[in-house]
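This report is meant for a reader who is meeting the structure for the first time. Please look over the sequence and the model below before reading on.

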Amino acid sequence: MRGYLRALEIEQLEADYQALAYLRFRSPSCNGLVYWPLNKGGPLFGFGCIDYAGRPLMAYYAVQRLFADVALHMYRDAADIRVVAANATRASVAGVLRIWQVASSGRVRGYWELPTVIASGNSVRLFDMDGLYNAVIDRGREWVYAEFAVGGAAVASAQLLFCPLAELQIEPCALTVAAHTLGPGRWRLDVATTAPTPLVEIEADGRVMYSDNYFGLIPGIKKQVFVTALGDAQAKGIHVTLSGWDRSGSASVTLA
């Protein structure tokens, strides 16, 4: 039953992301969204992004990424790959766009880096990779990962798979995590991986909120995740477990 419910959550995470991403990143006239299925209806119903106990579900973090002030997205247009962004602030944001075409083995098959300015608004076209899909050797073992950094710190990231997540074939990865205490009930996790993984899952044995969760990660990137304890979770200490897609790798840390 646990595996079945997890599969339903993953399905909703992907469905909600694709639907909302289409509106924000590919519909320049759409200036607002109301995400109506906020609360979960019951223990066995897979609709909503917050469960009946007030805990965020997978879809919550997909929606959180999409509603960020600055967000990044990629999609395939026939054989071309489009990199687009949305900027909800009133000013343009200048930074560096970095893109990797990676294989599940960890081999980098392509890399692009360019200074980029994201203008205010939705559906901001950043970069086109013409004909890239024609160069894909195995769509089940390759994907594209991108991040937009300002002052050396990533403020948005995105990935584009060329097949359904369930069909993606990956290699075992070794996840590493280092925890830093920022104050009462608040920590920063520095997460890294030795092999590309399309979905890093962070789970805790106490009630917490993450700045991000259920995200893709590739080697060479140090992902910072901020953790905030909810209620009395801090009193007993919190054990946090990280795992790669399909349980391909894991790591754990105790926050006290």
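## Basis of the model

The model is predicted, so that local features need pLDDT of at least 70 and side-chain atom pairs count only at pLDDT 80 or more, while totals for chains, interfaces and linings use all residues. Residues are numbered from 1 along each chain as its sequence is written, and side-chain values use heavy atoms, with hydrogens and water left out.

Strand E9 (residues 186-193) pairs with E13 in the antiparallel sense over 6 bridges, and Leu 189 has Val 225 as its bridge partner in E13. Strand E11 (residues 208-210) also pairs with E13 in the antiparallel sense, over 3 bridges, and there Val 208 has Ala 229 as its partner. Two strands are said to pair if DSSP finds at least two bridges between them; strands (E, at least two residues) and helices (H or I, at least four) are DSSP runs, numbered from the N terminus.

## An open sheet

Four strands form an open sheet in the order E12-E10-E14-E15, with antiparallel pairing. Its edge strands, E12 (215-217) and E15 (250-255), each pair on one side only. The twist averages 30° from one strand to the next, where axes are lines fitted to C-alpha atoms, for helices over the stretch in contact, and angles run from 0 to 180 degrees between N-to-C directions. Within this sheet, E10 (residues 197-204) and E14 (residues 238-243) pair over 4 bridges in the antiparallel sense, and Ile 202 stands opposite Leu 242 in E14.

## The largest pocket

The largest pocket has a volume of about 1,300 Å³. On a 1 Å grid over the protein atoms alone, a pocket is an open set of points with protein on both sides within 12 Å along at least five of seven lines, and lining residues have an atom within 4 Å of a point. Grid points are joined across faces, edges and corners, and the volume is the space filled by probe spheres set on the points.

Of the 48 lining residues, those closest to the centre of the pocket are Arg 65, Ser 157, Ala 158, Gln 159 and Phe 215. Strand E7 gives the largest share of the lining, 9 residues. By class, the lining has 31 nonpolar, 9 polar and 8 charged residues, where Ala, Val, Leu, Ile, Met, Phe, Trp, Tyr, Cys and Pro count as nonpolar, Asp, Glu, Lys and Arg as charged, and the others, Gly among them, as polar.

## Salt bridges

The count comes to 14 salt bridges, each being a side-chain nitrogen of Lys or Arg within 4 Å of a carboxyl oxygen of Asp or Glu. Glu 142 forms one with Arg 109, the closest N and O atoms being 2.9 Å apart. Because Glu 142 lies in strand E6 and Arg 109 in strand E4 (residues 108-118), the pair ties together parts that are 33 residues apart in sequence. Glu 142 is buried at 3% relative accessibility, while Arg 109 is partly exposed at 28%.

Arg 82 meets Asp 77 in a salt bridge (3.2 Å, N to O) and Asp 80 in another (3.4 Å, N to O). Arg 82 and Asp 80 are buried, whereas Asp 77 is partly exposed, with a relative accessible area of 33%. Asp 77, Asp 80 and Arg 82 are linked with Arg 125, Asp 128 and Asp 130 in a network of salt bridges.

Note on methods. 1 Å grid on protein atoms, 1.4 Å probe; cavity = no way out; pocket = protein on both sides within 12 Å on 5 of 7 lines; lining within 4 Å. Buried < 20%, exposed > 50% of the residue type's maximum accessible area, 1.4 Å probe, protein only.
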